[in-house]
Amino acid sequence: MTWGVWGKNLSTAEMSSLMHVCLDVGISTFDHADIYGGYTTEATFGKAFTESGIMREAIQLISKCGIQYMAESRNNKIKHYNYSAEYIIWSVEQSLRNLQTDYLDLLLLHRPSPLMRAEEIAFAVEKLKSDGKIKAFGVSNFTPIQTDLIKKEVAVAYNQIQFSATHLEPMLDGSLDHMQLNNITPMAWSPLGTAFKGEDEKSVRVRKIAESLAEKYITTSDLVLLAWLMQHPSGIMPVCGTTDSGRIKKLPSAIELSLELEDWFAIWVESTGNKVP
């Protein structure tokens, strides 16, 4: 999302260069959604990918569908959701054309709709899988019960949710427990939360403890918070939005960073503002 016009508005050459930076340090998965950039970012990325010379098998492409957004390319009068089988299939085919690829490694339903029908979604997903247009399927921003609604008709492999040291709700409301019980891999968007951009009391507390622990572990505070997130037993995969090549090169080191037990809980305490119950 941050690569296109909703973010840094990178040129084709800049996108291509950044893809190589990612691959050089072992980051090979790129997270998209059809609506990013008002339905423009996938096409910009697709052109850059083609010009990069990178083999398709070397990367994984994720995209999301379902949100009907108001944009110049769409005749939408109001933002809404569409999870008809026809629309899901059409949307994926649009993403494939824009990304200049034959398949998505993962398709996610972007946000839950009160009108979604599990049987119709399952039909579309199975058709896309059988046609070789998607390899795996998941959801995004779904609650446990909403996930179960879809899962009763088709396997759900991933759920991309908001989770960070400043947004603990999925760890407290049963979402991450539900994913562990059902072999669903959590992905976390905004994995650093508001720790480095918020000035509210929680953000300041988390930022200070992260800075303190960064000194202890001889690393940076953002990597401390990523390590904290990945230490959760559900196997969370952070979705990092930075376009800074320097920061991208450092991201993989968070995988090797293991916080001591009390340090992990210290971050939780600073987030809640209270001692552990």
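**Strand β5 and its neighbours**

User: How many bridges join β5 to strand β6?
Analyst: Three bridges join β5 to β6 (residues 137-140), and the two strands run parallel. Strands here are DSSP runs of E with at least two residues, helices are runs of H or I with at least four, and both are numbered from the N terminus; two strands pair if DSSP finds at least two bridges between them. This is a predicted model, in which local features need pLDDT of at least 70 and side-chain atom pairs count only at pLDDT 80 or more, while totals for chains, interfaces and linings use all residues. Residues are numbered from 1 along each chain as its sequence is written, and side-chain values use heavy atoms, leaving out hydrogens and water.

User: And which residue of β6 does Leu107 face?
Analyst: Leu107 stands opposite Phe137 in β6, and Ser63 is also opposite Leu107; β2 (residues 60-65) pairs with β5 in the parallel sense over four bridges.

User: Are the two faces of β5 covered or open?
Analyst: Both are covered, with Leu106 and Leu108 buried on one side and Leu107 and Leu109 buried on the other; buried means under 20% relative accessible area, exposed over 50% and partly exposed in between, using a 1.4 Å probe and protein chains only.

User: Switching topic, how many disulfides are there?
Analyst: There are zero disulfides, the cut-off being a pair of cysteine sulfur atoms within 2.5 Å.
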